[in-house]
Amino acid sequence: MKKLIYLDYASTTPIDKRVLNKMSKYLTIKGIFGNPSSSNYLGIKAKNEIENARINIANIIGSLKEEIFFTSSATESINLAIKGIIYNYLTSNKKYVITSILEHKSVLETCNFIKKLGIKIIYIKNLNNGILNLHSLEKKITEKTILVSIMHINNEIGTINDIKTIGKICKKKNIFFHVDATQSVGKYSLNLKKMNINLLSFSAHKFYGPKGIGVLYIKKNKSKINLIPLLHGGGQEKGLRSGTLATHQIIGMSKALSIANDEIKKEKKRIKVLKKKLWNGIKNISGIYLNGNFKNSSPYIINLGFKNVFNKILMIEMKNIIVSSSSACNTNKYNISHVLQALGLTKNLIQSSIRISFGRFTTEEEINFVIKYLNNSIKRIRKS
Ligand code: PLP
């Protein structure tokens, strides 16, 4: 098999052609390229299209359209959610934010930043299987806690946190709850009306939409959430996120989410079969480790360690089979995965681990090929 086998969908996905086609109608002189803040004909048309996209996205995630705020990415949404709340409390005696050591760097680095402003961060540990320890979370919440920020699905090991129960705990204790849902929107059905989540972040490029567009969901309820904006300017998005709205990106995200949502259950079932097939085909390779757990994890992600096989060498050996040595961000700045470290893996085993993530274009034929390839290449590397 000569063609590329892409198995890094948790890092990013290719744009669906139907999405690209739709987006192209909002870019050129013949399209609806006007500034959505302008009151001319083209601007009004663009604004209407954006509002339709907002309604569509809201319907899919079970929110109100007034609760959807467009940003440039999940990273920006996360920054706005956490800093936006915290900036209200800098002179208050409420000083605590609770998060987990397994979060994505966009949460952890935002927490590192607000630490310098005097906010104290409490990191909840995970159980051995990579799931957050809810008992420990509940015990750590006090009257000085402002916010809890926990991811739904872990981007490196695929473990699923029980955000429904965490939401209930936060509601009972009257604490804001932010969810990083970057790895779940478009793959898991969410009904935010039924969940006690105050803020939720995601990016379109994880579900075959364009890069450079994200959403921050902000629950509208009696205990109004007052966020301090990060960007000041033209006052778009009710003053929370200034900057000309990117019509084509928003339309693309909405279309991509509709496509993903139409097939959500069927696709999850299909991917589950492929993940199981892969694991069954390689689990007898000597010195193989499954990082995290199989039972309570997303079918879209599997993280594997191969004793005494350096992952960078394995990835070179795998050539046109595209996988990841860790999350995309970790590979740039951090040498070692903080997630695998938190699971208690040794440095050697962390450097022998790869993440395989499945998606819309993954086929059974590709998985069969990867099974054969891994069985042979691990032996070959160990011999050399
Ligand atoms: N949160 C999680 C769980 C992620 O997987 C990612 C990206 O990989 C992000 C946040 C950041 O997303 P983006 O780079 O689109 O801002």
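In what order do the 3 strands of the open sheet lie, and is the pairing parallel or antiparallel? I opened the predicted model with this point. I read the order as 9-10-12, with antiparallel pairing.

**Entry 1. The sheet.** I noted strand 9 (288–290) and strand 12 (353–357) as the edge strands, each of which pairs on one side only. From one strand to the next, I recorded an average twist of 30°. I then followed strand 10 (residues 301–306) and found 5 bridges joining strand 10 to strand 12, the two running antiparallel. Within this pair, I located Asn-303 opposite Arg-355 of strand 12.

**Entry 2. Helices on the sheet.** I looked up what packs on these strands. Helix 8 touches strand 9, strand 10 and strand 12, and the direction of helix 8 makes about 10° with that of strand 10. Helix 9 (residues 311–318) also packs on the sheet, where I listed contacts with strand 10 and strand 12. The direction of helix 9 makes about 45° with that of strand 12.

**Entry 3. Helix 8 and helix 13.** I next examined helix 8 (residues 264–282) against helix 13 (residues 364–383); their axes lie 9 Å apart at an angle of about 20°. On the helix 8 side I listed Leu-274, Lys-277, Leu-278, Gly-281 and Ile-282. These meet residues of helix 13 that include Glu-364, Ile-367, Val-370, Ile-371 and Leu-374. By class, I noted 7 nonpolar, 3 polar and 2 charged residues in this contact.

**Entry 4. Helix 2 and helix 7.** How close do the axes of helix 2 and helix 7 come, and at what angle do they cross? I found the axes of helix 2 (residues 41–61) and helix 7 (residues 247–262) within 9 Å, crossing at roughly 30°. That angle makes helix 2 roughly parallel to helix 7. Here the crossing is left-handed. Among the residues of helix 2 in the contact I marked Ala-46, Glu-49, Ile-50 and Ala-53; among those of helix 7, Ile-250, Met-253, Ser-254 and Leu-257. The contact divides into 9 nonpolar, 5 polar and 1 charged residues.

**Entry 5. Domains.** Across the boundary, I recorded 34 residues of domain 1 in contact with 36 residues of domain 2.

Terms used: Residues are numbered from 1 along each chain as its sequence is written. This is a predicted model: local features need pLDDT of at least 70, side-chain atom pairs count only at pLDDT 80 or more; totals for chains, interfaces and linings use all residues. Side-chain values use heavy atoms; hydrogens and water are left out. Axes are lines fitted to C-alpha atoms, for helices over the stretch in contact, and angles run from 0 to 180 degrees between N-to-C directions. Helices (H or I, at least four residues) and strands (E, at least two) are DSSP runs, numbered from the N terminus. Contact means heavy atoms within 4.5 Å. Ala, Val, Leu, Ile, Met, Phe, Trp, Tyr, Cys and Pro count as nonpolar, Asp, Glu, Lys and Arg as charged, and the others, Gly among them, as polar. Two strands pair if DSSP finds at least two bridges between them. Angles under 35 degrees count as roughly parallel, over 145 as roughly antiparallel, 65 to 115 as roughly perpendicular and the rest as oblique. A crossing is left-handed if the near helix is turned anticlockwise from the far one by less than a right angle, and right-handed if clockwise.
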